[in-house]
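Please open the model in your viewer and keep the selection panel at hand. The stops below go from one selection to the next.

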Amino acid sequence: MARQFHLYNSLSRETETVEPLHDGHLQFYSCGPTVYSYAHIGNFRSFLTADLIFRTAKSIGWEVTYATNITDVGHLTDDDLTGTTGEDRMVQALQSKEGERFANIWDLARYYTLVLQEDWRSLNLLEPTVRPRASEHMREQIKAIEQLLKSGHAYETSNTIYFSVPSFPAYGRLSGNEAAEDLEQGVRDVVHDPEKQDPRDFALWKKDDSHLMQWHSPWGWGFPGWHLECSVMAQTYLGDEIDIHAGGEDLIFPHHECEIAQTECLTGKTFARKWVHTRFLQVEGKKMSKSAGNFYTVRDLVLPESEGGRGIDPLAVRMTLLSGHYRKPFNFTFETLKTNVRHRQRFDDVVALAESGLENGENGQNELSGSLTALFERTLSAMLDDLNTPEALAATFEATKLVLKHEHLSKDSAASVIRWLDNTNDLLGIVYPHAPLKTESGDESFAAEVDALVAARTQAREADDFTRADELRDELTSLGVEVMDTPDGPKWKRRSTLS
RNA sequence: GGUGACGUGGCCGAGUGGCUAGGCAAGGGUCUGCAAAACCCUGUACGACGGUUCGAAUCCGUCCGUCACCUCCA
């Protein structure tokens with residue numbers, strides 16, 4: 001049965017059915033990060049939306065070509081200023097304290113790209129079909145500029161090649177910034193380049209032979225404008241006309257507006273049929289910022305405490321992000337995170353129960369198959385309905401509850417549970433960790449110490465010496481370990497730093 | 001100044017005209033040497049004021065409040 005996938009399109013401001021241009025094959029582009037620092041949880045909220053589009057489309061049998069870029073070319077913090085050093089985010093990063101350990105700017109880009117991919121995997125984001133780098137598509141960008149110059153959509157000044165916004169009447173449709181005066185109002189405080197023909201015009205190329213990242217072009221040494229790379233890479237890997245283009249809400253203007261202008265002037269076709277924008281994440285009700293002290297990278301949360309993190313299960317972080325709808329501002333709080341640490345543990349409990357059922361269960365009735373199928377159907381329908389993750393999660397909570405009501409599972413029931421877990425994991429990525437947490441150094445000796453204490457406690461309990469047993473429990477607690485007495489003997493785990 | 005959102009019980013959050021969303025937290029209970037986990041029970045909310053309607057959290061209007069973007073940003 002053909003399923004319909006509905007998504008809200010920021011361009012039309014309506015929820016629409018996704019209908020791939022090529023039957024059953026989705027062409028999807030999502031704007032990736034500039035690799036000048038560690039990516040934070042807000043960045044990952046956007047990447048997660050892209051991941052969910054990818055997973056949901058695949059779950060209804062579509063083939064998906066999913067491209068997301070790495071921006072490893074510095075971009076000016078201000079389009080109108082000439083590119084002196086210190087105005088470029090990557091250059092700034094290199095010149096900062098943290099930048100001192102890098103040999104050069106390329107080294108810095110390489111490092112943060114690797115880290116990004118590690119974080120990406122830890123949050124169980126699927127690998128995109130292709131992850132192009134801006135620096136590796138300079139030839140295509142230069143070619144695009146030449147074409148735009150030739151067709152009259154761009155012009156050259158003494159230090160810049162500008163895109164001519166008046167040459168593209170549809171400019172402003174995506175963001176609603178259609179009136180030139182409004183934009184002028186917005187840029188009134190910014191330094192103007194007197195050679196600029198229209199205040200809305202934006203740079204395609206900056207001539208600058210002193211910049212740390214520069215390439216040779218028909219206009220001398222320099223570097224490309226920020227918006228061009230995505231236009232060119234999307235075109236290279238997905239074609240002139242793509243199905244969905246996604247990114248954070250801040251990219252609506254100017255980035256995506258400018259991408260549309262460039263690409264449509266180049267191809268004469270509709271660039272992206274749908275635009276999907278993820279709203280910003282806030283932390284504890286405020287905009288995340290380093291100065292407010294509420295700025296979190298993925299690693300701040302996920303790395304073990306011994307390595308400066310908080311030792312939180314990355315999938316709990318993922319579930320936390322999933323607990324809000326992508327089109328609403330999301331308030332990330334530690335209370336919500338704590339809740340989701342528990343939800344995650346319940347999935348582990350379900351996995352354990354199912355595995356034990358497969359191994360030791362009897363050949364009995366399958367009492368779960370029907371309910372789990374129905375609940376998964378609810379999850380899938382929710383995702384197909386504009387990625388309604390809160391609703392999708394609600395259905396999985398009902399399912400875990402249903403399963404955990406049973407102390408033991410028959411072989412057949414266990415098999416159904418495993419099937420449900422697999423399906424849920426394929427769609428939401430919250431069941432099986434992709435990359436295990438890094439083990440703490442000295443982990444083994446720590447485990448041995450805990451095991452010894454637990455064994456001593458078991459002895460005390462068997463001797464009915466409960467005073468001693470409680471003392472040992474207290475001792476374990478102070479080590480950050482919690483002991484649980486189960487029918488299969490005592491088990492222990494590290495207490496979450498949040499509890 | 002321009003543009004676009006959002007306001008549901010202690011908290012998160014679904015729900016676009018009538019039927020208990022779900023979860024977390026809380027209280028009570030079962031289980032346990034004590035715990036933990038798990039399970040069971042309890043809790044009736046929709047910013048304000050008008051309007052439409054037999055009936056509105058849901059549609060319309062006004063107001064109040066919160067937030068985001070306007071060439072650094074996911």
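At what distance and angle do the axes of helix α4 and α7 come together and cross? Select α4 (residues 138–150): its axis and that of α7 come within 10 Å and cross at roughly 70 degrees. Axes here are lines fitted to C-alpha atoms, for helices over the stretch in contact, and angles run from 0 to 180 degrees between N-to-C directions. α4 and α7 are therefore roughly perpendicular to each other; angles under 35 degrees count as roughly parallel, over 145 as roughly antiparallel, 65 to 115 as roughly perpendicular and the rest as oblique. Show the side chains of Ala144, Gln147 and Leu148 in α4 and of Gln262, Cys265 and Leu266 in α7, which make the contact (heavy atoms within 4.5 Å). The residues of this contact are four nonpolar, two polar and no charged. Ala, Val, Leu, Ile, Met, Phe, Trp, Tyr, Cys and Pro count as nonpolar, Asp, Glu, Lys and Arg as charged, and the others, Gly among them, as polar.

A note on the numbering and the model. Residues are numbered from 1 along each chain as its sequence is written, and chains are lettered from A and ligands numbered from 1 in the order in which they are written. The model is predicted, local features need pLDDT of at least 70, side-chain atom pairs count only at pLDDT 80 or more, totals for chains, interfaces and linings use all residues, and side-chain values use heavy atoms, with hydrogens and water left out. Helices (H or I, at least four residues) and strands (E, at least two) are DSSP runs, numbered from the N terminus.

**The four-stranded sheet**

Next, select the open sheet with strand order β4-β3-β10-β11, where the pairing is parallel. Two strands pair if DSSP finds at least two bridges between them. β4 (63–68) and β11 (272–278) stand at the edges with a single partner each, so one side of each has no neighbour in the sheet. The twist averages 20 degrees from one strand to the next. Six bridges join β10 (residues 242–248) to β11; one place to look is His245, whose bridge partner in β11 is Trp275.

α6 lies across β3, β4 and β10, at about 160 degrees to β3.

**The three-stranded sheet**

Stay with α1, which also lies across β12 and β14 and runs at about 145 degrees to β12. The open sheet here has the order β13-β12-β14 and mixed pairing. Its edge strands are β13 (286–287) and β14 (330–332). Two bridges join β12 (residues 281–283) to β13, antiparallel, and Gln282 stands opposite Lys287 in β13.

**The hairpin**

Move to β1 (residues 6–9) and β2 (residues 14–17), antiparallel strands joined by four bridges. His6 stands opposite Thr17 in β2. Four residues lie between the strands of this hairpin, and Arg13 takes a positive phi near 60 degrees.
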